[in-house]
Protein chains: 2
Amino acid sequence: MCVAGCHEVVMRTLSRRGFFKGAAGAGAAFAASALPAPAMAQAASFTRVIDLTHTLEPHFPTFGNEQQVWVDKILSIEKDGYNVNKWTIIEHVGTHMDAPSHFTKDGASADALPASALVLPLAVIDVAAKAEKDPDYQLTPDDIRAWESANGRLPDTACVAMNSGWDRHVGTPKFRNADAQGVMHFPGFHGETSEFLLKERRVQGIVVDTLSLDHGPSKDFKVHLTWLPAGRWGIEGAANLGQCPPKGATIVVGGPKIKGATGGPSRVFALA
Amino acid sequence: MCVAGCHEVVMRTLSRRGFFKGAAGAGAAFAASALPAPAMAQAASFTRVIDLTHTLEPHFPTFGNEQQVWVDKILSIEKDGYNVNKWTIIEHVGTHMDAPSHFTKDGASADALPASALVLPLAVIDVAAKAEKDPDYQLTPDDIRAWESANGRLPDTACVAMNSGWDRHVGTPKFRNADAQGVMHFPGFHGETSEFLLKERRVQGIVVDTLSLDHGPSKDFKVHLTWLPAGRWGIEGAANLGQCPPKGATIVVGGPKIKGATGGPSRVFALA
């Protein structure tokens, strides 16, 4: 989620002291510095690689509907002996990371997240049928509990991904799905779910296959405002989650290691 | 390797038809389209993550000694409710990929490399002691054979990394190690080695912990001109290879999935 179109509501929400105190409270026990260093209880193994990354190009759809990536050829084989481009990138575009510092003054930037926080057991929650019926669907704590009934309790330091099937809309207006008033309609996590994952589980990262951790019509951005200030990261705009098993895969988040980055385009794989 | 300081020699080399024909010949049997789809013969497993990526910042040393990355804050918590930066990046900077298209007119760009070509068995060749004595050291086919004597034949579709220990110089002038005439002195692969890995083995990627696949004083860029036109990729500026076992780890190359990229900053991990 990013840039144009929502900073007024975020500022309004930030100024509601009660809400923000609540969010900080939820995160306090899991502040970035207090996060357990993820350690693997047992060896992870895999036989195949699933690319969870969309190809990024200048017309990739964005939250604010403004271009956020430019690629300019500055050296060429014909003239210079080799090809080189210059990129201009507004960080939150494409399949990308939201680092804690995106929504917090002193939160960890993308480069400060340790590698061990970016390679995690992956739980994929399938809400595609629900999202098909209701594009504003929000993944609930009950969806998490249903996954746990089938697959066992979420492992500590897991990454939880919402598979809403929305990646298939990436080349069409349905990806933003804006109505006549400009309000977008796509699925996301419910604010109660990010609080649940912070308070009741010890999850490290969340992933959506849409433009925002919060669903399209969100006015309070509660998921962003609870999850990121708690020292956690999110991935927006993931692809191919439908190819992943519900449990047993490992997500590898090739996030940007650029000093001070608040997130940015990432290469994300699942090893299954 | 990139940008200023070498395009004249590359052009000169490209115009030497005999050499280029030789390079194309070496690559022909392994052209990008003819590369075997890497498949895992057996499950890979791991218990720890090693970050092979340096933190990229505006003053990161570059081949041409010119700044190639700029980070500008364009939105802030205080004013806008959240933080966002704009990046301007010349592709070949930091820990980064050289895609085939960096040195070929019709070679695969970074986004066109399949995920399965970016997650590979990692062989780490330790030449740190040799590089300590001779900063112009070039990793030879004999170094590969010595590794094989101890570890068995290089697996098909492997990635071969040169650990010269040069990553420890990254914050100092020793990383470029330019002499009074501006000629750089750091280790790289020998041109005979890239030909050996193409003709005698079926290796998919190579990695160096220095600024170029070719060693610092190279005038013919033979490694670039044999390896990349054969549909292979390279990683330059890797970190922490000394923490990897010589065999048994898996490299995960989080290369940029930006349309038409000739390579670029990548997040690279070893899973061991």
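Colleague: How many residues of chain B are in contact with chain A?
Modeller: In this predicted model, local features need pLDDT of at least 70 and side-chain atom pairs count only at pLDDT 80 or more, while totals for chains, interfaces and linings use all residues. Residues are numbered from 1 along each chain as its sequence is written, and chains are lettered from A and ligands numbered from 1 in the order in which they are written. Two residues are in contact if their C-beta atoms, placed from the backbone, lie within 7 Å. On the chain A side there are 55 such residues, and the number for chain B is 55.

Colleague: Which strand of chain B gives the most to the side that touches chain A?
Modeller: Helices (H or I, at least four residues) and strands (E, at least two) are DSSP runs, numbered from the N terminus. Several elements supply at least two residues each, including helix 1 (7–15) and strand 3 (69–75) of chain B. With seven residues, the one that gives the most is strand 4.

Colleague: What is the bridge partner of A:Ile90 in strand 4 of chain B?
Modeller: Strand 4 (residues 84–90) of chain A and strand 4 of chain B run antiparallel and are joined by five bridges; strands pair if DSSP finds at least two bridges between them. The partner of A:Ile90 is B:Lys86.
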